[in-house]
Amino acid sequence: MLCAGKDSSSVVEWAQCPGERPQLLETQQSYETEWDMVNAVSFKKKPCQNGDGSLNHSHERSRWAFSFSTGVLRSITVKEEGWSFLVFKLKDSSASLPTLHFEKGGIREFLDALKRVALISESPDDETCLLVSTPNKALSQSFENLLDDNNYSLARKLRREPYLTTMGGFSKVTNYIYDVIRGTEEHQQRPPEEVADVLGEIIPGLEINQQEEPGFEVITRVDLGTRPQVRRREPLSADDWTKYQDQEGRMLNIPHLKHAIFKGGLCHAVRKEAWKFLLGYFSWDSTLEERKVLQRAKTDEYFRMKLQWKSVSEEQERRNSRLRDYRSLIQKDVNRTDRTNRFYEGIDNPGLVLLHDILMTYCMFDFDLGYVQGMSDLLSPILFVMENEVDAFWCFVSFMDQMHQNFEEQMQGMKTQLIQLSTLLRLLDLSFWNYLESQDSGYLYFCFRWLLIRFKRELNFQDVLRLWEVMWTGLPCQNFHLLVCCAILDSEKQKIMEENYGFNEILKHINELSMKLDIEEILQKSEGICLQIKTCKDLPNSISSILGLDTEAFSSDPTDCGSAPAVRATRRQDACSNGHGHLRENSHNSCKVAFIS
């Protein structure tokens, strides 16, 4: 039983459930009579004579009952001899505990409950031994107090003001993060799993490493071979675009068309039409007449939703705080979105009105999500290209279908992508990844803004258009944007390592790359990285899952990065990544890694 001691510390108590008669283990009908779990946050007081965490045997209930604080627990050994049992080892080596037998099962449930109040990681010397540690409560509390401006937590800031909080908030607290992950005794660095769990507690929006079960294997260095050189092409012209249409307006030879867009992008004259296909607003096999019918229907639907918020009176809005907050935040963001672009510059610019109206209408389309800061950055280039309110709205809806998880309150999309990016970088450049780890930057927080709004604030406006249309082709793999991150980091690693940048300097350096990146060079390197990975003969299954390579059949198809046939890689089927260079054994279920395309 997990409960709270006098000092609010978590306590493990082994006892029979109330009302149960004492029985021997071999006569018990289920593990549920052996233990149950009380949520630690309820702080239910249990009899504990020595709340300081020392061992406490209670003879009043049964001769098998005992309890101890999780703070005094050093390790747990999991053993199997006919059935499973646990051996606890305390920090005080003179104290010993009886072995806990789980004849009818229940070990996993017990460990899952224990993980809620303690940090558990596998011993590097013994795969059956789990090391146990507890977070520094005082440090976590001071961190929360630092970030809590007028009871406005960092997690909420990240949701409402993601790109400002990302760089502004983290630059304010880097020293505190450094102290947390550095450790407190003799300046020893904490284990990676412990760092992730500590940061997951004090920064909920950046929970990195949630482990489902014990049993880990470290990824060894994989020989990726030489990175091939690739060449970019000229943008697809309007004449070329028309060659891919039949007489009724259907698009032809879609794989070759997508490949041409991936290799060179689009000339601006084609974007207004092509983006509707790339984003899924138009179906590739639709005729021109079918698209006209669709646009008429979508126009009616858009203005019905727009009328909903337009018809809300001031009196009604005073009683609708959520809509009022959405409107206030949208007005604030619209007035500072791409104001140097001619389409949005100046006072009373009609482009700003359209930007505002589309975002307000999206709140009616998806009221659960509504508006979150950063979404204006995703809409702005689309409206610039479409120059039409209705078309821009529906293309934005399609883009948000891909990006939705980035803006949800739990930010699951961001957590997943940071895990996947760390996994990829460790495979591609272990020495650089190890350097970042040594500087407490292995969780790649500095890439947060890149992923959140797809490099919108890192590139000039025209380069954003080029990057997005290339990514929307879905080539050459899933999650190509993660390889774009790897390409940028590959270009910067020499300076970071030669200058011996620490945590603060890395964060500052990455932030200052904004508007200094060469998009064609980045795309060229990203494609080369993809080819390098695809030709690897011993690729970890986790990488295959992240990039979608486990479902691809590689051939000489021109959509395959435009290169020679790639060798079909053999996969490690016995493991999947937890995102930090470890592989999780999985004998029962296939490896599933969520992704944002």
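Okay, cysteine 477: with 4% relative accessibility, this one counts as buried, where buried means under 20% relative accessible area, exposed is over 50%, and partly exposed is in between, using a 1.4 Å probe and protein chains only. Its sulfur sits 3.9 Å from the closest cysteine sulfur, in cysteine 530, and that's too far for a bond. The cut-off for a disulfide here is a pair of cysteine sulfur atoms within 2.5 Å. Cysteine 447 is buried too, at 0%. For cysteine 447 the closest cysteine sulfur is in cysteine 485, 5.3 Å away, again too far for a bond.

Quick housekeeping before I go on. This is a predicted model, so local features need pLDDT of at least 70 and side-chain atom pairs count only at pLDDT 80 or more, while totals for chains, interfaces and linings use all residues. Residues are numbered from 1 along each chain as its sequence is written, and side-chain values use heavy atoms, with hydrogens and water left out.

Now the cores. A nonpolar core here is a set of buried Ala, Val, Leu, Ile, Met, Phe, Trp, Tyr and Cys residues joined through side-chain atoms within 4.5 Å. The largest one has 121 residues, and Trp241, Ile382 and Phe407 have the most contacts inside it. Which helix gives the most to this core? That's α14, residues 389-407, with 11 residues. Helices, by the way, are DSSP runs of H or I with at least four residues, strands are runs of E with at least two, and both are numbered from the N terminus.

Take isoleucine 382: leaving out residues up to four places away in sequence, it touches Trp275, Leu279, Ala392, Cys395, Phe396, Phe399 and Trp472, contact meaning heavy atoms within 4.5 Å. Apart from that core lies another, of 17 residues, including Leu97 and Leu130.

Next, leucine 425, which lies in helix α15, residues 412-428. Leucine 425 is buried, at 3% relative accessibility. With the sequence neighbours up to four places away set aside, leucine 425 touches Leu430, Phe432, Trp433, Leu436, Leu444, Cys486 and Leu489. Leucine 444 is 19 residues away along the chain, and the two C-alpha atoms are separated by 9.8 Å.

On to the rings. Phe, Tyr and Trp rings (the six-membered one for Trp) pair if their centres lie within 6.5 Å; planes under 30 degrees apart are stacked, over 60 edge-to-face, and the rest tilted. That rule gives 23 aromatic pairs. In one of them, phenylalanine 262 and phenylalanine 480 have ring centres 5.6 Å apart and planes at 70°, so the pair is edge-to-face. Phenylalanine 262 is in α7 (254-264) and phenylalanine 480 in α19 (480-498), so the pair ties together parts 218 residues apart in sequence. Phenylalanine 262 is buried at 1%, and phenylalanine 480 is buried at 4%. Ring pairs also link Tyr302, Phe303, Tyr362, Phe365, Phe393, Trp394 and Phe396 into a cluster.

Last up, the sheet. Five strands form an open sheet, ordered β7-β6-β5-β9-β8, with antiparallel pairing; two strands pair if DSSP finds at least two bridges between them. β7 (100-102) and β8 (119-122) stand at the edges with a single partner strand each, so one side of each has no neighbour in the sheet. Between β5 (73-81) and β6 (83-90) there are eight bridges, and isoleucine 76 has phenylalanine 88 as its bridge partner in β6.
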